[in-house]
Amino acid sequence: MPLLKAEGLVRRYESRQGLFGRIAHIRALDGVSLELRKGETLGLVGESGCGKSTTGRLVLGLEPADEGHVVFGGAPMPGPTTPEWRRLRARMQMIHQDPLGALDRRLPIGAQVEEPLVIHRRGDAAARAGRVAALLEEVGLDAGHAARYPHELSGGQRQRAVIARALATGPELIVADEPISALDVSIQAQVMNVLAEAQARHGLALLFVSHDLRVVRQVSHRVAVMYLGRIVEEGEPDAVLREPAHFYTRALVSAIPHPSRRDAKRIVLKGDPPSPAARPAGCAFHPRCAAAVALCAREVPELKPRADGRKVACHLAHGDAMPVRKAA
Amino acid sequence: MSTALAALPATTRKPRATVPPMVAFALCWIAAMLAVAATVQWIAPYSYTALDLRARLHPPVFMGGDWRHILGTDELGRDVLARLLYSIRLSLLIAFGATLIGAALGTLLGFLAAHLRGLVEQVVLALADFQASMPFLILALSVLAFFGTSLTLLICLLGLHGWERYARISRGLAISAGAQGYAAAVRQLGASPWRVYGRHVLPNIASTLIVSMTLAFPEIILLESGLSFLGLGVQPPETSLGNMVGYAREYLTRAPWILLSPAMVIVMTTLSVSMLGDWLRDKLDPTLR
Amino acid sequence: MLRFLTIRLLRAALTIVLVVTFAFIVLRMSGDPALLIMSADAPPEAIAAFRKSWGLDAPLWVQYVNYFGAILHGDLGQSMRDGRGAVELVAERIPATLALTIPALVLKIGLGIPAGIFAALHRNSFIDRAVMFAAVAGFTVPSFVLGLLLVLVFAVQLGWLPSGGQESWRHAILPIVTLGAGGAAVLARFTRSAMLEVLGQSYIRTASAKGVPWMSVVRNHALPNAAIPTVTIVGFMVGSLLAGAVVVESVFSWPGVGRLLVVAVANRDLAVVQCILLVVAVTMVTANIVVDLLYGFLDPRLRAGVKA
């Protein structure tokens, strides 16, 4: 049985222009289902605004789903800020993109790493101090950092502290939302390793949210590609990268710089992703898809497995329609 | 903005070698006033109600009086210096109490608005608008008309002055901290609202609130002395600075000295606290106007 | 534009409703009006009759609705002192107050705004320092102290002007100066900081870098933009034309609305207090609406936003 199971998650936001303006419904998530086992890393990729961060917040129960449900450890997710919800935080944690924003600049690092232990009443003061020292060591900080304040640390050190705080209560699930994209390129790999090692050592289920397909590939056991609030392709990272099935994934893969390939093969997408408020009918990707046929504008393709186990949401990839050669 | 905030603790920990002379003077004056307030029962030469009917309307030393009544006496022969010292204590006490009440009430309502959102937030904002758009003196006078005057009521009433500023500040900062910042992070660690607001949000916005308090404090002193001057604030036999000025008005021609010393103390105190507030604002919180 | 106006009017109405509700709540909380007005040892039947005749035996919400209805009909009760209508009492005091506050407002604007602009244009000059000093003094010297000091100097010592009363125009000079001086200082400080803020903007530097003469940069670019925040504070001053003279009227025994309010508060003459509260709220709210409309006129961005 999977540790985490999310089915048909829908999240709508209302946006209103002015006091009496018309209410626009924005479907940030439009039926997302995913599963995550103990010790498994699922990479979630897509452009900004595709709903990948919202997915992360919903599976943690930080905000309620408008439709669908989340099951964690065999039990349904309790509503936000209820006592059960609060207790459950010890078993699931989040790592944010901006470590400086996620840390309280008025408290020393040690106190902040200790805080989850205090909140969830783990051990006495001495035991907690020992645990904090061990956590700091685990993420590659030394005991001296405990007395420092966030602004006295480098960006990488701050993110290590955030990881240490997330690991404090020994959670089973961690959602990492773009954990390295705010960091200097030179230290991204180090922080990534800290996270990957912690994942392996503690057998964590990790939902890794990123816009960067290469980073996701390094750490993930499976990867899911999102477009406009839906998962359009899901499978093994190497297979997906080698042979992407969805035309959107192909465009993403071709955008990765590659020394042995010429730019001629790059697929450049036309236009910007449409706003979730004005989602195109049928396959949401069809206006930008080079191979789209009439069916794509009519019917929403379902995410279903192919013979090789890859899940794709595309009429053409399943052979439901024949691609048309278009003049470029 | 975030870089400015990040640089903040470093600048506040610098040695305070650069206190401008005016601010240093203001600090000395405030310290002297606090010392007077704390020790008045030992340093006052007489009780503030002690009558000396043989020395009525005695001028102060610098106007030809003698050293028994350094600042002179009023028409009942009460020592002006003694009354001044006791007035300082009561006026400061009222202003402190009212400032604290205003800050506590406003911050609480601001946090409630930020935490509960929805209707509660709209109500708090509507009340804040209402408060800001009415002259406070008129509201205060109306309440006094309905309830009569008492010291407790006066402190609570003046505490309502300026609550809307703290409410707006704390609501805004709590919302921005809860949206993506440390407060959201701590909440998802499983912290209770008490912990989020008490241990994290409040210490982070404390410097802004303290600056607002130093800016509100002189306004409250002026309000209290204004009400007392009108005879609607502190009631005899208690005495406050505004009270003394109101009393002095009756003897302006015969005994102008009764007016001068409380007037000077009011001006010096409000001046000192607002200079301190301006300086603190520039030092601690560049985000305030 | 129409929607903007509607929202503004709704908010104004809400403020008035809040004031009325405030008066109602405070009035009911302050004790049994029957016992307050009749003496405590009045016969119980008389008290019951009083309650019935004033509708005080009805449920609270009925009283609230009745109270509201009476106010809408302009019935604000009688003064407990001499039984005259509260509206009449307040109305006859308004001219006296305006005789002080309108000249004082002219003084504030005529002195404060030019001083503020001049100080900002000659930053750190002697005049700038003098304006700033006066501004700080204007805030920290309460009006009753300033008023009494002026009386001490000009009435008691020099004997040039009368110290109080309302017999001739000479009686109005000291109160007007007292009112105007403090407000002018506040306005000067405000105008100065608004000007400095605008002068620091890049479009000002761009305009002067293009070779536009400095005075026309100031006239065409800086002043209109600095006017926006200044209008707010002037609006508040206009709104408090009736309420802003409470203390000064008392200092100079000037028989205006403020003096009436103080006396009414001291005597707990609730009808009069409530009437003044309402009149002040209405002037304040009206001034706020005018300020908002002026905003739209002064700020083309807001004007465009309003149309969109």
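In this predicted model, strand S9 (residues 222-227) of chain A runs antiparallel to strand S10 (residues 230-235) of chain A, and 5 bridges join the two. Within this pair, Ala224(A) stands opposite Glu234(A), a residue of S10(A).

Both strands belong to an open sheet of 8 strands in chain A, which follow the order S6-S7-S8-S3-S9-S10-S12-S11 with mixed pairing. The edges are taken by strand S6 (92-95) and strand S11 (304-305) of chain A, and because each has a single partner strand, one side of each is left without a neighbour in the sheet. Helix H6 (residues 155-167) of chain A packs on this sheet, where it touches S6 and strand S7 (173-177) of chain A, and its direction makes about 170° with that of S6(A).

| Strands of chain A | Bridges |
|---|---|
| S9 (residues 222-227) and S10 (residues 230-235) | 5 bridges |
| S4 (residues 67-72) and S5 (residues 75-76) | 2 bridges |

Val71(A) has Pro76(A) in S5(A) as its bridge partner, and in the hairpin of S4(A) and S5(A), with 2 residues between the strands, Gly73(A) takes a positive phi near 55°.

Turning to the other chains, the contact between chain C and chain B takes 36 residues from chain C and 35 residues from chain B. Among the elements of chain C that give two or more residues to this side are helix H1 (2-29) and helix H6 (126-140), while H13(C) gives the most, with 8 residues. By class, the side of chain C that touches chain B has 29 nonpolar, 6 polar and 1 charged residues.

Notes: Residues numbered from 1 in each chain as written. Chains lettered and ligands numbered in written order. Predicted model: local features only at pLDDT ≥ 70, side-chain atom pairs only at ≥ 80, totals over all residues. Pairing = 2+ DSSP bridges. Helix = DSSP H or I, 4+ residues; strand = E, 2+ residues; numbered from the N terminus. Contact = placed C-beta atoms within 7 Å. Axes fitted to C-alpha atoms, helices over the stretch in contact; angles between N-to-C directions. Nonpolar A, V, L, I, M, F, W, Y, C, P; charged D, E, K, R; others polar.
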